[in-house]
Amino acid sequence: MKSAPLPPMGRSNTALVLHDMQNDFLKESLSTPEMQAVVKRTRTLIDLAHSLPIPVIYTRVVKDPAMPYPPERAPYLLNRQVAGRLPCVKDTPGAEIIEQLKPAAHDYIIDKVRSSAFESSKMEALLRIKGVWILIVAGGSTNWGVEWLARDAKSRDIVTVVLRDCTYSPTPEAQAACLANIEGFLGYVMSSDEVIQILSAAK
């Protein structure tokens with residue numbers, strides 16, 4: 001939030017969240033220079049988080065074909081498909097985190113059944129147990145799940161710092177609009193270099 005002071009990011013109150021960096025969502029764009037740069041910067045942040053250490057949390061959409069939407073509502077709720085099928089079906093390669101950003105054994109994975117990382121998941125309990133109330137967020141898409149995360153976090157008195165150069169949206173216009181909304185009302189928008197500098201000096 002533009003008029004609010006920056007939160008005191010440190011090793012005891014901060015976590016890095018990698019939002020939905022999954023094969024089904026990224027396989028088409030992963031070969032582009034823009035997405036390769038996002039992945040490279042994100043990898044640097046993961047390595048820094050491991051070295052400090054601060055918790056590294058991966059969110060992961062997991063669709064269960066055995067639990068579909070109610071049939072009379074499905075046509076209105078199924079708003080994204082990949083190659084004519086649901087994305088990120090559980091136990092398929094498409095639901096897994098991309099190889100370049102694979103979780104380490106000690107990282108945390110939060111499986112999502114809806115767009116929100118908090119809805120019907122273990123996210124809130126994990127943050128409470130770890131004493132975390134500041135989330136540094138990379139991943140995407142910014143104009144969908146990341147903004148949803150920022151909204152739900154704020155309603156739980158949790159601060160979100162979204163990384164402008166480690167997130168993505170379908171279009172530059174959508175990315176700019178969403179980042180402006182987050183910065184104006186929901187949390188903070190910073191570059192990965194700014195966050196790296198703060199965390200490297202934090203205790």
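A crossover is termed right-handed if, with the strands pointing away from the viewer, the path from the first strand over the helix to the second runs clockwise. Helices (H or I, at least four residues) and strands (E, at least two) are taken as DSSP runs and numbered from the N terminus. In that sense β5, α6 and β6 form a right-handed β-α-β unit, and β4, helix α5 (residues 142-154) and β5 form a right-handed unit of this kind as well. The model is a predicted one, in which local features need pLDDT of at least 70 and side-chain atom pairs count only at pLDDT 80 or more, while totals for chains, interfaces and linings use all residues. Residues are numbered from 1 along each chain as its sequence is written, and side-chain values use heavy atoms, with hydrogens and water left out.

The strands are arranged in an open sheet of 6 strands with parallel pairing, in the order β3-β2-β1-β4-β5-β6. The edges are taken by β3 and β6, each of which has a single partner strand, so one side of each is left without a neighbour in the sheet. From one strand to the next, the twist averages 25°. Two strands are counted as paired if DSSP finds at least two bridges between them. By this criterion β1 and β4 run parallel and are joined by 6 bridges; A15 stands opposite L135 in β4, and L18 has A138 of β4 as its bridge partner. On to β5, β4 again pairs in the parallel sense, over 6 bridges, with T160 of β5 as the bridge partner of L135. Between β5 and strand β6 (residues 188-190), which run parallel, there are 3 bridges, and here V162 stands opposite V189 in β6.

Two packed helices are described by the angle between their axes and the distance between the axes. Axes are here lines fitted to C-alpha atoms, for helices over the stretch in contact, and angles run from 0 to 180 degrees between N-to-C directions. Helices α5 and α6 pack at an angle of about 5°, with their axes 10 Å apart. The contact (heavy atoms within 4.5 Å) involves, among others, T142, V146 and A150 of α5 and Q175, C178 and I182 of α6. Helix α6 (residues 172-186) contains Q175, a buried residue with a relative accessible area of 10%. Leaving aside neighbours within four places in sequence, Q175 is in contact with T142, R164, T167, Y168 and S169.

Helix α7 (residues 192-201) has S192, V195 and L199 as its buried residues. Seen down the axis of α7, these residues fall within an arc of 65° (taken from the directions from the helix axis to the C-beta atoms), so they line one face of the helix. On the other side of α7, the residues D193, Q197 and A201 are exposed. The buried residues of α7 are covered by elements that include β1 (14-19), α2 (33-51), β4, β5 and β6, and α7 lies across β1, β4, β5 and β6, running at about 130° to β5.

In helix α4 (residues 123-130), the residues M123, L126 and L127 are buried. They cover an arc of only 95° around the axis, which puts them on the same side of α4. The face turned away from this buried side carries the exposed residues R128 and I129. Among the elements that cover the buried residues of α4 are β2 (56-61), β3 (108-112) and β4 (134-140). Helix α4 is followed by G131, whose phi is positive, near 70°.

Notes: Buried < 20%, exposed > 50% of the residue type's maximum accessible area, 1.4 Å probe, protein only.
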